[in-house]
Amino acid sequence: MADDLSSSTPRKLRSRAWFDDPSHADMTALYLERYMNFGLSLEELQSGKPIIGIAQTGSDLSPCNRHHLVLAERIREGIREAGGIVLEFPVHPIQETGKRPTAGLDRNLSYMGLVELLFGYPLDGVVLTTGCDKTTPACLMAAATVNIPAIALSVGPMLNGYFKGQRTGSGTIVWHARELLAEGEIDYKEFIKMVSSSAPSTGYCNTMGTATTMNSLTEALGMSLPGQAAIPAPYRDRQEAAYLTGKQIVEMVAADRKPSDILTREAFINAIRVNSAIGGSTNAPIHLNALARHMGVELTIDDWQTYGREIPLLVNLQPAGEYLGEDYYRAGGVPAIVAELMKQGLIHEDALTANGQTMGDNCREAEIENDKVIRPFEQALTPSAGFSVLRGNLFNSAIMKLSVISKEFRERYLSNPDDPEAFEGPVIVFDGPEEYHAKIDDPDLGVTEKTLLIMRGAGPNGYPGAAEVVNMRPSAELLKKGIHALPCIGDGRQSGTSGSPSILNASPEAASGGNLAILQTGDVVRVDLRKGTVNMLVSDEEIARRRKELDEKGGYPFPASQTPWQELQRSVMGELESGAVMEPAVKYQRIAQT
Ligand code: FES
Ligand code: MG
């Protein structure tokens, strides 16, 4: 740890250009005087000590991250003790469960706002307070673009939820309770009681949803202290991690250890493998591909299959398994998983991490503390638990999360001895989630157990922002017959807390020229998981005819934007397979380098 940077750092910190530049004395005076108006002294600001930002994502609007308002006190203590000066500032909030029409709109907005703050203010390093789904990638993406020393601190998951003695996991209980409500098994009051039981404390989703996934992967990338991702929000260990993270960022500034030193291709491959082992969210490829693009690292959707598909599922957390966040932490969290993968030679051990040590050194000694929750490699829950990348005449790519294919689904769709990994059936097409909700229980719709449900108009431009709506429950009638899952295909996303065996993130989306736009209810679609293909069994001539007809009508129609940001983002946003980034933003790389 660097205690006295004024004497030990010959390198000029970027904050000096604001606070200590005699050649621009008039500007320096102006910058200085207003930072003194809440009590910072001239001596502090001109001491040469590093100015450390705390990028605060917590607020009343974002309950998942709200506990960062408390943790920030301990981050401050760590920064101060290590010799830094703190400037805490707000980041545009993103609450997954609160933002309408979808939080998917806000990742890039939050990213862009944070880039401006990190670039335009006197910050030498930053603590990124991560948590709820998109807050984590938004922060990491901004740190990558600006490329000043940065370290993430997760807010941590909520405590385990329980209902009548059973663990109730965030999101996952909602999908289950919705079915019970549709079947008439429970009433509205009971429904709310079940769902709220899953949120017993401060923190984010306690399942292996997108939040736990993204914070685990942040640690696997090396962008946080080892072992911190899984600590539940209210635990004392979380407070200690906040303090240690504050101390660490000051050392990182002294060492000039930047995101570009940590976020290498090897680090991303480590993260892809950890993602399969934890049963990570289908949002992970979107966010990590986006991060790689802003960092200037080559990473494609196919890398997820190449490096991730064959990795087995080791973590027994809902929705793929049984347990929840507290169990995950007590079983050893990310270091135990990395250590297990290391024994198989599946981790790039030399990858540098935030604390200056390698991934190998951080995790080598870690052990599984409860093998019901984290399984040893030899006793994995499911083999080949990563994502399958599928393509065909409907889209260039879509993914399927193999760890959540249920026994029921396997028996019904994948048990044909002649063709064990293929299925086909007539489709019913929905244009957006509103149409699905209005029609799914209509007996005239003709849903049967052979139906494939299609969701289109739900991608980054169509919705806009890409809604988490591809996981569609079957009709109430089928649910009553005991059929809980139909194959779903769509150009939207789905919640990381969903166990639905969907084929999703289809790119290009219907609204951007993808062929989901010309699929019609009644067409037959064939899925072959072994070959990695999804095709509509429609002739090439008919496809060309429908395409021409649609193009003549001006393409796939999508709803008008409701806000200025929706319109602006739509004009620059790419496909889910390549991270759904704002394409013109990608050329701005490492912009703080002088
Ligand atoms: Fe915020 Fe799940 S809703 S983490
Ligand atoms: Mg989500």
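Q: Over how many bridges do strand 3 and strand 4 pair?
A: Strand 3 covers residues 125-130, and its pairing with strand 4 is parallel. L128 has A152 in strand 4 as its bridge partner, while T129 stands opposite L153. The number of bridges between strand 3 and strand 4 is 5.

Q: Which residue in strand 3 is the bridge partner of G53?
A: Strand 1 also pairs with strand 3 in the parallel sense, over 4 bridges. To find the partner of G53, look in strand 3. The residue is V126.

Q: Are the residues of strand 3 buried or exposed?
A: G125, V127 and T129 point one way, and V126, L128 and T130 point the other way. Strand 3 is mostly covered, with the count standing at 6 of its 6 residues. Whichever way they point, these residues are buried.

Q: Which hand has the β-α-β unit of strand 3, helix 7 and strand 4?
A: The unit goes from strand 3 through helix 7 to strand 4. Its hand is right-handed.

Q: How many Å apart are the axes of helix 7 and helix 10?
A: Two packed helices are described by the angle between their axes and the distance between the axes. For helix 7 (residues 135-146) and helix 10 (residues 210-221), the angle is about 35 degrees. T136, P137 and L140 meet M214, N215 and T218, a contact of 3 nonpolar, 3 polar and no charged residues. The axes are apart by 9 Å.

Q: Is V91 buried or exposed?
A: V91 is found in the loop between strand 2 and helix 6 (107-120). Leaving aside neighbours within four places in sequence, V91 contacts A55, Q56, T57, S110, G113 and L114. A residue needs 20 or more other C-beta atoms within 10 Å to pass the cut-off. V91 has 25, so this residue counts as buried.

Q: Which element of the protein has the lowest mean pLDDT?
A: The protein averages a pLDDT of 94, and 98% of the residues score at least 70. Over residues 1-7, however, pLDDT stays under 50. Where pLDDT is low, the predicted coordinates should not be read in detail. Strand 4 has the highest mean at 99, while the lowest, 48, belongs to helix 1.

Key: Residues are numbered from 1 along each chain as its sequence is written. Chains are lettered from A and ligands numbered from 1 in the order in which they are written. This is a predicted model: local features need pLDDT of at least 70, side-chain atom pairs count only at pLDDT 80 or more; totals for chains, interfaces and linings use all residues. Axes are lines fitted to C-alpha atoms, for helices over the stretch in contact, and angles run from 0 to 180 degrees between N-to-C directions. Helices (H or I, at least four residues) and strands (E, at least two) are DSSP runs, numbered from the N terminus. Two residues are in contact if their C-beta atoms, placed from the backbone, lie within 7 Å. Ala, Val, Leu, Ile, Met, Phe, Trp, Tyr, Cys and Pro count as nonpolar, Asp, Glu, Lys and Arg as charged, and the others, Gly among them, as polar. Two strands pair if DSSP finds at least two bridges between them. A residue is buried if 20 or more other C-beta atoms lie within 10 Å of its own, exposed if 12 or fewer, and partly exposed in between; C-beta atoms are placed from the backbone. A crossover is right-handed if, with the strands pointing away from the viewer, the path from the first strand over the helix to the second runs clockwise. pLDDT is the predictor's confidence in each residue, from 0 to 100.
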